[in-house]
Amino acid sequence: MLASYLLSLREGLEAALVIGILLGAVRRMRRTDFIPAVWFGTASAAAISLVIAILLTYFGLELKDPGEAIFEGFTMIVAAGLLTWMIFWMSRQARYLKSNLEAEVQQASQLGQRAVFFVAFTAVLREGIELALFLTASVFATNAQQTILGGFLGLGTAILLGWS
């Protein structure tokens, strides 16, 4: 449960940071009419991420040996590889993340609500799919109930921290 809590907290904080940057950029442009598009993009990405997590977990748990072991190992390797890649990517991109997102929102604002929705959607979906992979791997290491509880607690904590 601790692993899924920490993973969810980490990804949730990243998503909260991205959402905060997007909302701040929209407010600085004095285009508060785009705020609903940011939230709708966020909610849509979260819903799709949840569906992906459920499908991956269901698929993995339905498999029987040796397929289950292969899927479990593959999922854990992909999750570890993704986490490693994200650490290196973030170390290079962290200082430019805010300016890049603000530039994307600025460009999207020229195209309208749908473009702003898409910026928020893709930014949050990246974090959501990462979390879906991590939690799927976590289910195999513990169990579904502990992973779900840790995931919701981690995301809840991230939401509270991001809101403040």
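Trainee: So which residue does Arg10 form a salt bridge with?

Mentor: That's Glu11, and the closest N and O atoms are 2.1 Å apart. Keep in mind that this is a predicted model.

Trainee: Is Glu11 buried or exposed?

Mentor: Glu11 is buried, because its relative accessible area is 2%. Arg10 counts as partly exposed, at 27% relative accessibility.

Trainee: And what does Glu14 pair with?

Mentor: Glu14 forms a salt bridge with Arg10 too, with 3.2 Å between the closest N and O atoms. Both sit in helix α1, four residues apart, which is about one turn of the helix. Glu14 is buried, at a relative accessible area of 13%. Put together, Arg10, Glu11 and Glu14 are linked in a network of salt bridges.

Trainee: How many salt bridges does the structure hold?

Mentor: Three. Among them is one where the side chains of Asp33 and Arg31 meet, at 2.8 Å from N to O. Asp33 counts as partly exposed at 36% relative accessibility, and Arg31 is partly exposed as well, at 31%.

Trainee: Switching to packing: at what angle do α1 and α4 cross?

Mentor: Roughly 180°, with the axes of α1 (residues 2-28) and α4 (residues 113-141) coming within 10 Å. The two helices are therefore roughly antiparallel to each other.

Trainee: Which residues make that contact?

Mentor: On the α1 side they include Leu7, Val18, Ile19 and Leu22, and also Arg10, Glu11 and Glu14. From α4, Val124, Leu131, Phe134 and Leu135 are among them, along with Glu127 and Glu130. By class, the contact has twelve nonpolar, three polar and five charged residues.

Trainee: OK, α2 next. How far does α2 reach from its first C-alpha to its last?

Mentor: It reaches 41 Å, close to the 40 Å expected for its 28 residues, 35-62.

Trainee: Last one. Where is Phe74 found?

Mentor: Phe74 is in helix α3, which covers residues 67-111. At 54% relative accessibility, Phe74 counts as exposed.

Trainee: And how far apart are Phe74 and Ala137?

Mentor: In sequence, Phe74 and Ala137 are 63 residues apart, while in space they are 9.0 Å apart, C-alpha to C-alpha.

Notes:
Residues are numbered from 1 along each chain as its sequence is written. This is a predicted model: local features need pLDDT of at least 70, side-chain atom pairs count only at pLDDT 80 or more; totals for chains, interfaces and linings use all residues. Side-chain values use heavy atoms; hydrogens and water are left out. Axes are lines fitted to C-alpha atoms, for helices over the stretch in contact, and angles run from 0 to 180 degrees between N-to-C directions. Angles under 35 degrees count as roughly parallel, over 145 as roughly antiparallel, 65 to 115 as roughly perpendicular and the rest as oblique. Contact means heavy atoms within 4.5 Å. Ala, Val, Leu, Ile, Met, Phe, Trp, Tyr, Cys and Pro count as nonpolar, Asp, Glu, Lys and Arg as charged, and the others, Gly among them, as polar. The expected span of a helix is 1.5 Å times one less than its number of residues. Buried means under 20% relative accessible area, exposed over 50%, partly exposed in between (1.4 Å probe, protein chains only). A salt bridge is a side-chain nitrogen of Lys or Arg within 4 Å of a carboxyl oxygen of Asp or Glu.
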